[in-house]
Amino acid sequence: GALWVASADGRIKGFDWQARDDASFKELMTRNGWVDVDAPQTYGYDGNEVKVKIVLASEERNEFFFPGFIDTHIHAPQFPNVGLFGSSTLLDWLETYTFPVESGFGAQADQPGGTDKLPNDAPLSALRIYDQVVARTLSHGTTCASYFATVHVPATNALAALCHSRGQRAFIGRVCMDNPDFCPPYYKDLSADDSVSATRSTIEYIRGLDPKGTLVNPIITPRFAPTCTRPALEGLGKLAAEFSPPLHIQTHISENTNECALVKELFPESESYADVYDRYNLLTKRTILAHAVHLTPDERNLIRQRDAKISHCPASNSALGSGIAPVRTLLDEGITVGLGTDVSGGYSPSILEAARQACLVSRLLGHTTSFCQKGDKHVHENGHADKPIIGREKLSVEESLYLATRGGAAVVDMADDLGGFDEGMIWDAQLIELGSVQELSEKPLDMRTDGAPSLVKAGPVGNVDLFGAETWEEKIHKWVWSGDDRNVKAVWVAGRLVHSKS
Ligand code: GUN
Ligand code: FE
């Protein structure tokens, strides 16, 4: 079959390679000469449990289209701190690394709650960093991202404007943090009212930029329970519900055990961490909860009832020593899960890396004891709470790719539009090149007495070596374990080319 993409709305109209004369298809496929239209075919690769569909672009060069990645949790202003976290854990990391870097996104004159809201009122450094963030994530195939910005209105609006102009689908959240007992004096909202009114101001700006929310949408963003007062949480819950449909909401939950203890102390009237959000109508079907490492069975039940979504951030959870989220349990219980990079708790802007890390940490989960909680289905299948079934927790490569695409689409409540190549879906896609089969040395035992450096032979793109015997299933596995942005040749959002390698 071939692929038609309507140029007007960027939606996939069908697969039929025979119909290559279709003008809009031809325009898309040949734009800038990206795609070899001579050898195209659809390749439906059915993994064990999850269907991963690629569309072959060049058999010889091992090029294929893959749905764009969806990053359901990323902090744009933390990019300057990528790789910098020492051996900190969440609460001291926030204080030592994160609040300082985020506080630099406001101009001198721009106190939180100030009246400025135009992007150009933000410091130039903020604009430059945000521009780099959008370019960098696009280059890794992220076609849709749910961003945390900072408390600053102009810089938050600038991030929205940059996503809009570069063509990345995005949810943009102005971070709310008004609790003076937790937030540093140099980086906080002035009051609960200020949290709400400054958020409202970014919503108005973003709605003005993209009235129909075709590409860029606001998202209500209480940073997490410890940074927010009760009136702020209440006001933000009400603000989300003012709109029709209600606005998306994002926050953090149960990332770290010290954080969980702190929430218990700060909100003694609540039954649980999840209940804090639920009390203020912040647990909705459009809510993205990042981390969810240490949820109790009751909390998972509440989250499932509310149909709130979870962003699994495995690289961050390992880097900050937070723990391992029990993704299999979450999925088994019917909770929707996607992947997040959580830059800069996470060290990588790549959702391919997040997929890889999701596989890796799932293989370690059975070796930990903390996940054996009373009521966990997967623990009790054999009737022994103290004997976890090692193995069931493992995520397959196909499942991790599912989380990176269709799972993420469901997390941002766009499962009908994004995450796959079904007819009627939007063409948010990446063209992946693995390269051709590697040329091998003719004399591998030659001792190279001439002292010439040992060069990697021609053929591979980036780190993926192919030797010719691989099936397509195996090529996809090699991509997930060894691939990176060097394999991303081009990226489209809604049919528009938004990144190309050369
Ligand atoms: N909890 C509150 N703020 C943050 C943040 O910026 N990153 C992470 N990973 N967790 C948080
Ligand atoms: Fe985070």
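Helices (H or I, at least four residues) and strands (E, at least two) are DSSP runs, numbered from the N terminus.

## Model and confidence

This is a predicted model: local features need pLDDT of at least 70, side-chain atom pairs count only at pLDDT 80 or more, and totals for chains, interfaces and linings use all residues. Residues are numbered from 1 along each chain as its sequence is written, while chains are lettered from A and ligands numbered from 1 in the order in which they are written.

The model scores ipTM 0.99 and pTM 0.91. pLDDT is the predictor's confidence in each residue, from 0 to 100. The chain average is 86, and 82% of the residues score at least 70. Two stretches need caution. Residues 16–22 stay under 50, with 16 contacts in the model beyond four places in sequence. Residues 378–388 are also below 50, and this stretch has 18 contacts beyond near neighbours in sequence. Two residues are in contact if their C-beta atoms, placed from the backbone, lie within 7 Å.

## Overall fold

The chain holds 15 helices and 17 strands. Of its 502 residues, 51% are buried. A buried residue has 20 or more other C-beta atoms within 10 Å of its own, an exposed one has 12 or fewer, and a partly exposed one falls in between; C-beta atoms are placed from the backbone. Among contacts with a separation of 6 or more, 71% link residues 24 or more positions apart.

## Two domains

Domain 1 covers 3–67 + 423–500, and domain 2 covers 69–411. These bounds come from an automatic or database domain assignment. At the boundary, 21 residues of domain 1 are in contact with 22 residues of domain 2. On the domain 1 side, helix 15 (472–482), strand 16 and strand 17 each give two or more residues. Helix 15 supplies the largest share, four residues. By class, this side has 10 nonpolar, six polar and five charged residues. Ala, Val, Leu, Ile, Met, Phe, Trp, Tyr, Cys and Pro count as nonpolar, Asp, Glu, Lys and Arg as charged, and the others, Gly among them, as polar.

Helix 15 also has buried residues: Ile-476, Trp-479 and Val-480. They lie on the same side of helix 15, because they cover an arc of only 95° around the axis. The arc is that of the directions from the helix axis to the C-beta atoms.

## Around ligand 1

The shell consists of His-75, Leu-90, Leu-94, Thr-98, Arg-223, Phe-224, His-252, Glu-255, Ser-316, Asp-342 and Gly-345. A residue is near the ligand if its C-beta atom, placed from the backbone, lies within 6 Å of it. Three of the shell residues are nonpolar, five polar and three charged. Helix 2 (residues 90–103) gives the most, with three residues.

## Backbone exceptions

Most residues other than glycine have a negative phi, and most peptide bonds are trans. Asn-62, not a glycine, has a positive phi of about 55°. Its place is the loop between strand 4 (51–58) and strand 5 (63–67). Asn-62 counts as buried because it has 25 C-beta neighbours inside 10 Å. Ala-494 has a positive phi of about 50°. It sits in the loop between strand 16 (488–493) and strand 17 (496–500). With 18 other C-beta atoms within 10 Å, Ala-494 is partly exposed.

A cis peptide bond joins Ser-244 to Pro-245, with omega about 0°. Pro-245 lies in the loop between helix 6 (230–242) and strand 11 (248–253). Another cis bond joins Val-343 to Ser-344, with omega about 5°. Ser-344 is in the loop between strand 14 (337–339) and helix 12 (351–365).
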